[in-house]
Amino acid sequence: MNGDTTILETKGLRKHFGDLAAVAGVDIGFREKELTAVIGPNGAGKTTFFNLVTGRLKPTSGKVYFRGTDITGLTPYQIARKGISRIFQITNLFPELTVYENIRVAVLSKMRETARMLTLDRNLKGANDETGRILEIVGLSDKRNSMCGLLSHGDQRLLETGVALAIDPVLLLLDEPTGGMGPEETDEMVKFTRGLIEKQDITVLLVEHDMSVVFSIAERIVVMHQGEIIADGKPDEIKVDIRVREAYLGEE
Amino acid sequence: MTKTESSGRLFSLAWRPQIYGSVIVILGLALAPLFLTEFLKVFATEMLIMALFALAFNLLFGYTGLLSFGHAAYFSIGAYTCGLTMLKVSPSIPLAFIAGILLATFTAWIIGYFCVRLDEIYFAMLTLAFGMMIHTILWKWDSMTGGADGLVGIPRPHLWLFDLSNITTYYYFTLIIVCICVVILWVIVNSPFGLILKSIRENHERVEFVGINMRRYRLLSFVMSGLFCGVAGVLFAPFEMSLAPDIAFWTKSAEPVFMSLLGGMSIFLGPAVGAAIYMYLKEIISGYTELWMIYLGAVLIGFVIFLPGGIVGFVHRKLYAVGKETP
């Protein structure tokens, strides 16, 4: 495998909500181990695109291919098992479970231990080590016994990333990981995301509104507007693209 | 080693008193018949059966987050199958028990298959509808179930050397089976499977995105819950020695709901304590008035409003308030 392998590809992907075409025919491929940022004004269809890829929504028409196989119309859990993981725009976790247990759920799923009924969970040595390892990665080891719902917003975002990572994804979709964060938390998240690609060897797709974040970590930028891709290229090319400026005019 | 220690810290804090407590409770229950009158032995036996019923129900309610209003179905199918097997096939406890548990489990599988597709109120309504179907079958299928008169003359045969017709023996027999089931249920809720159930309760959509087939786990929970309700049912048939279709009526399905709320659905033994309190209150109040349901209802309303975690939940919070981490 080299960096030119296409990992995710969509063909004529469309999603209509009544008369509104939230995603209006997207043909795009994403290369392995490349950090791509998907940007665009509110309502451009970025989150809908993520929802179509991860099976949360079924496309009106079009196809999604992951590592060459058609995954269109599969359920979220089938897609997750193939190696696509995500975090949500609005934090989506298990509030009344501890930090440790949140990660644990994903670890058990990856290790295919979830159907064990007659073994005490704490006695699974392999899963204990693995859960500890993921907690280290996201830096929440010292908060492992805190209730997830009581964590700060920034820690919850990190925890959700940890849950997403714990299933060892090939492709990770981050939907506004720094949304609602202060500058310090944002810096930490940027550092963390960078580290991910260097150390964990995965492909990341990122939806992000903070342009300083986008231009500091993305290797490629895809711009969406009204459900279509209007620009696609290296950060330097996007910076000077006239259509992108038009789309954002009056937005920021 | 240190890692396992610290990861298990929260559990062991909560577990150690539970283990000591359980030993005391089991000892108490084992010695109880020495001090109880015949009437109270009968009462205590029924309490044990209902405690198991409530705990089995709470696997689905408290741990998986699904409120079933039709759990009397599995209890009554266990009971009726057990009674019918003894009356029509052979008065053998092992045979009748196995038949009853199997049929209750199988029924839970079929009904659960349809119900786990729905959430919240829709799930509750569908379980209620299936529960009423089972009630109607037991009530109207005269030739098989005895209709409104039910089954009478269910024997309490010998089991090896033990004469179960003696209430003390039947009490111990029930105690042993209930204890075994409670231990199994405890292991289940603390197993990897149990954690997945809790995660489904917390967020049934999110769990799919880590690769878990949520409906399959809901169904497994439903089936295991039905199985243990079936065990409570088979224990009930020779205990009562007669069965009427009202044990399948929706009011019977509401009992484990009350018991779980009374005792506390988020604590493993909460529903069992709730069962004891519920039955005690019912017994006391119905001694004074036929309108016992009004008073019992009032007590329950008070509990739900003022002690939302149930009695055991309340005590637990008070006891652990000191040791709990602050956010």
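Tutor: Let us begin with a term that the strands will need: two strands are said to pair if DSSP finds at least two bridges between them. Please keep in mind throughout that this is a predicted model. In chain A, strand S9 (residues 220-225) and strand S10 (residues 228-233) run antiparallel and are joined by five bridges, and within this pair Ile221(A) stands opposite Gly233(A) in S10(A).

Student: How many residues lie between S9(A) and S10(A), and which residue in the turn has a positive phi?

Tutor: The two strands form a hairpin with two residues between them, and in the turn Gln226(A) has a positive phi of about 50 degrees. This value is worth noting in Gln226(A), as the residue is not a glycine. Gln226(A) sits in the loop between S9 and S10 of chain A, and it counts as partly exposed because it has 16 C-beta neighbours inside 10 Å.

Student: Where in chain B does Trp160(B) lie, and is it buried or exposed?

Tutor: Trp160(B) is found in the loop between strand S2 (158-159) and strand S3 (162-163) of chain B, and its phi, near 50 degrees, is a positive value in a residue other than glycine. A residue is called exposed if 12 or fewer other C-beta atoms lie within 10 Å of its own; Trp160(B) has 6 within that distance, and is therefore exposed.

Student: What does the pairing of S1(A) and S2(A) look like?

Tutor: Strand S1 (residues 6-17) and strand S2 (residues 20-31) of chain A pair in the antiparallel sense over nine bridges, with Thr6(A) standing opposite Arg31(A) in S2(A). These strands form a hairpin with two residues between them, and Gly18(A) in the turn has a positive phi of about 60 degrees.

Student: In what order do the strands of the six-stranded open sheet in chain A come?

Tutor: The order is S6-S7-S8-S3-S9-S10, and the pairing is mixed. At the edges are strand S6 (84-87) and S10 of chain A, each of which pairs on one side only, while neighbouring strands of the sheet are turned by 20 degrees against each other on average, direction ignored. A parallel case within chain A is given by strand S7 (residues 171-175) and strand S8 (residues 203-207), which pair over five bridges, and there the bridge partner of Leu172(A) is Val204(A) in S8(A).

Student: Which strands does helix H1 of chain A touch where it packs on the sheet?

Tutor: Helix H1 (residues 46-53) of chain A touches strand S3 (35-39), S6, S7, S8 and S9 of chain A, and its direction makes about 150 degrees with that of S7(A). Helix H5 (residues 153-165) of chain A also packs on the sheet, touching S6 and S7 of chain A, and its direction makes about 170 degrees with that of S6(A).

Student: How is chain A divided into domains?

Tutor: The division gives domain 1 (1-83 + 169-252) and domain 2 (95-166), whose C-alpha centres lie 26 Å apart. Nine residues of domain 1 of chain A are in contact with seven residues of domain 2 of chain A. On the domain 1 side of this contact, helix H6 (residues 183-200) of chain A supplies the largest share, four residues, and by class that side has six nonpolar, two polar and one charged.

Student: How many residues of chain B are in contact with chain A?

Tutor: The contact involves 30 residues of chain B and 40 residues of chain A. Among the helices of chain B that each supply at least two residues to its side are helix H2 (9-31) and helix H9 (192-202), and H9(B) gives the most, with eight residues. By class, the chain B side has 13 nonpolar, ten polar and seven charged residues.

Student: Why is Ser109(A) called buried, and which residues does it touch?

Tutor: Ser109(A), which lies in helix H3 (residues 99-110) of chain A, is buried because 25 other C-beta atoms lie within 10 Å. Leaving aside residues up to four places away in sequence, Ser109(A) touches Thr114(A), Ile167(A), Val210(B), Gly211(B) and Ile212(B).

Student: Which residues touch the most other members of the largest nonpolar core?

Tutor: In soluble globular proteins, nonpolar side chains tend to be buried together. Here the largest nonpolar core has 162 residues, of which Ala51(B), Leu52(B), Phe53(B) and Ala232(B) touch the most other members.

Technical notes:
Residues are numbered from 1 along each chain as its sequence is written. Chains are lettered from A and ligands numbered from 1 in the order in which they are written. This is a predicted model: local features need pLDDT of at least 70, side-chain atom pairs count only at pLDDT 80 or more; totals for chains, interfaces and linings use all residues. Two residues are in contact if their C-beta atoms, placed from the backbone, lie within 7 Å. Ala, Val, Leu, Ile, Met, Phe, Trp, Tyr, Cys and Pro count as nonpolar, Asp, Glu, Lys and Arg as charged, and the others, Gly among them, as polar. Domain bounds come from an automatic or database domain assignment. A residue is buried if 20 or more other C-beta atoms lie within 10 Å of its own, exposed if 12 or fewer, and partly exposed in between; C-beta atoms are placed from the backbone. A nonpolar core is a set of buried Ala, Val, Leu, Ile, Met, Phe, Trp, Tyr and Cys residues joined through C-beta atoms within 7 Å. Axes are lines fitted to C-alpha atoms, for helices over the stretch in contact, and angles run from 0 to 180 degrees between N-to-C directions.
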